[in-house]
Amino acid sequence: MEFRENQAIYLQIADHIIENILLNKWPEGERIPSVRELAVQLEVNPNTVARTYNFLQEKEIIFNKRGLGYFVAENGFERAKEVKKEEFIKR
């Protein structure tokens with residue numbers, strides 16, 4: 001993944017995750033990569049991925065099952081569309 005300098009890295013990672021949800025690579029209810037897995041995959045600090053996951057939890061796109069990992073929320077697809085729509089309107 002190539003990062004741009006005009007936007008925070010955690011927001012770029014959030015966009016990447018939202019894209020995967022909207023493309024149905026990660027359907028609702030499916031487990032997504034752990035913080036460490038995604039950090040290694042994207043070659044970023046795990047704290048950055050943790051910040052991304054917190055951001056997406058606040059937006060109700062993903063949720064955490066303690067001890068099992070992060071999953072796409074039941075309404076994660078719709079919430080992801082809303083976030084993208086808000087982002088588009090801001091631009």
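Glu60 sits in the loop between H3 and strand S1 (62-65); helices here are DSSP runs of H or I with at least four residues, strands are runs of E with at least two, and both are numbered from the N terminus. This is a predicted model, where local features need pLDDT of at least 70, side-chain atom pairs count only at pLDDT 80 or more, and totals for chains, interfaces and linings use all residues. Residues are numbered from 1 along each chain as its sequence is written, and side-chain values use heavy atoms, with hydrogens and water left out.

Back to Glu60. Its phi is near 60°, a positive value in a residue other than glycine. Glu60 is partly exposed, at 48% relative accessible area (buried is under 20%, exposed over 50%, partly exposed in between, with a 1.4 Å probe and protein chains only).

Glu43 also is not a glycine and has a positive phi, of about 60°. Glu43 lies in the loop between helix H2 (35-42) and H3, and is exposed, with a relative accessible area of 73%.

Now the helix pair. The axes of H1 (residues 9-22) and H3 (residues 46-58) come within 9 Å and cross at roughly 60°. Axes are lines fitted to C-alpha atoms, for helices over the stretch in contact, with angles from 0 to 180 degrees between N-to-C directions. H1 and H3 are therefore oblique to each other; under 35 degrees counts as roughly parallel, over 145 as roughly antiparallel, 65 to 115 as roughly perpendicular, and the rest as oblique.

Which residues of H1 meet H3? On the H1 side they are Ile9, Tyr10, Leu11, Ile13, Ala14, Ile17 and Ile18, and their partners in H3 include Val49, Tyr53, Phe55 and Leu56. Contact means heavy atoms within 4.5 Å.
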